[in-house]
Amino acid sequence: MSGYRRFSAICLLVNVLAHVLLLLKAAPPLLHSLASFYSLALAPGLLLAPLLLRADRQTWALPERLLLGAGAGSAMFLPITLLLSYWPGPLTLTQLLLTFDAIALTAALVGWQRDDLEDGPSCGTPRAWTRWSTLALLSVLLLTAYFRLANLGYAELQGDEAKVVLHAIAAVQGDDDVLFVHRRGPADVLAPALVATLDTPLTESLFRLPFALISIVVVGILFLLGQTVRSTMTGWLAGLLLAGEGLFVAFARIVQYQAFIHLSAAGTLYLLFLLHRVVEADRGVIDRRLVRNYLFKFNTGLIDGDEA
């Protein structure tokens, strides 16, 4: 079995397990939320990311696949959910699962037919992923997760948070007007809508969880950017600084769209650097897939909010 086929088979198997968790009424609400986040964001992104980039030079290590796939899937979740919200009637979890499962399965089938994904996606000049790189990334992600996930239910939803959650519940119930009445971008409403579709007791922690998880992915992508531009030490230091930076942590622990803005900015910067490296390696020949990905990330940022 080729590298991509093995990777996609594991992703699909985990997706099946996530669906089983969603069907279990007795499962803890936290597991329901994590399972839905995987099925609706991570799985499609992990399977699509290798198809969207070049595959003729450097192979990606597993941590790079996971981080870039998670970023792509989280960014893709918003525009697709926005289109589904305009469909007449309520926005249900079944509707979301069927849509994103179709995307994940289509990506897997297309990838199985491509010979250039035999050893995984690639881009640019070869660069070894060492044990030190893995340890540095794990230390950054663990510290980032601690600051963002610890005691997420620290307070009741207040002010803008409460208003966003009320709009998300209204959107799930089929009220399309809330997306136009809401003064900020639709990311504010659509991310909590993912939680509002769950058939489980809803708490403050569950509504804040998607934003915290996306912020962890952002720090990981910026680690990759620093490592790719300069060295693993540069990525490690940048990751440590961002893991505990006060304002960055604060925006990751509230129900607001800033985490998606950070994701769009980090993803766009990373893709721009890859584009620059490919142009240099190919003596001015631009990879159209990287350009499309850059434009997708940029436009996703515009959907996230006006600050993009």
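**A helix pair in its setting**

Analyst: The accessible surface of the chain amounts to about 14000 Å², and carbon and sulfur atoms hold 67% of that area. The model is predicted. Of its 308 residues, 55% count as buried. The chain contains 13 helices and zero strands, so that, read from the N terminus, its elements are α-α-α-α-α-α-α-α-α-α-α-α-α. Among contacts in the chain with a separation of 6 or more, 79% join residues 24 or more positions apart.

The part to examine is the packing of α2 against α3. Two packed helices are described by the angle between their axes and by the distance between those axes. Helix α2 covers residues 29-52 and helix α3 covers residues 62-85; their axes lie 7 Å apart and form an angle of about 120°. That angle makes α2 oblique to α3, because an angle of 65 to 115 degrees would count as roughly perpendicular and one over 145 as roughly antiparallel. The crossing of α2 past α3 is right-handed.

Which residues in α2 and α3 meet? From α2 come Phe37, Leu40, Ala41, Leu42, Pro44, Gly45, Leu46, Leu48 and Ala49. On the side of α3 they meet Arg65, Leu66, Leu68, Gly69, Ala70, Ala72, Gly73, Ser74, Met76 and Phe77. Sorted by class, this contact of α2 with α3 has 14 nonpolar, four polar and one charged residues.

Notes:
Residues numbered from 1 in each chain as written. Predicted model: local features only at pLDDT ≥ 70, side-chain atom pairs only at ≥ 80, totals over all residues. Heavy atoms only, no water. Axes fitted to C-alpha atoms, helices over the stretch in contact; angles between N-to-C directions. Helix = DSSP H or I, 4+ residues; strand = E, 2+ residues; numbered from the N terminus. Parallel < 35°, antiparallel > 145°, perpendicular 65-115°, else oblique. Left-handed = near helix turned anticlockwise from the far one by under 90°. Contact = heavy atoms within 4.5 Å. Nonpolar A, V, L, I, M, F, W, Y, C, P; charged D, E, K, R; others polar. Buried < 20%, exposed > 50% of the residue type's maximum accessible area, 1.4 Å probe, protein only. Areas by Shrake-Rupley, 256 points an atom, 1.4 Å probe, with all protein chains shown as cover.
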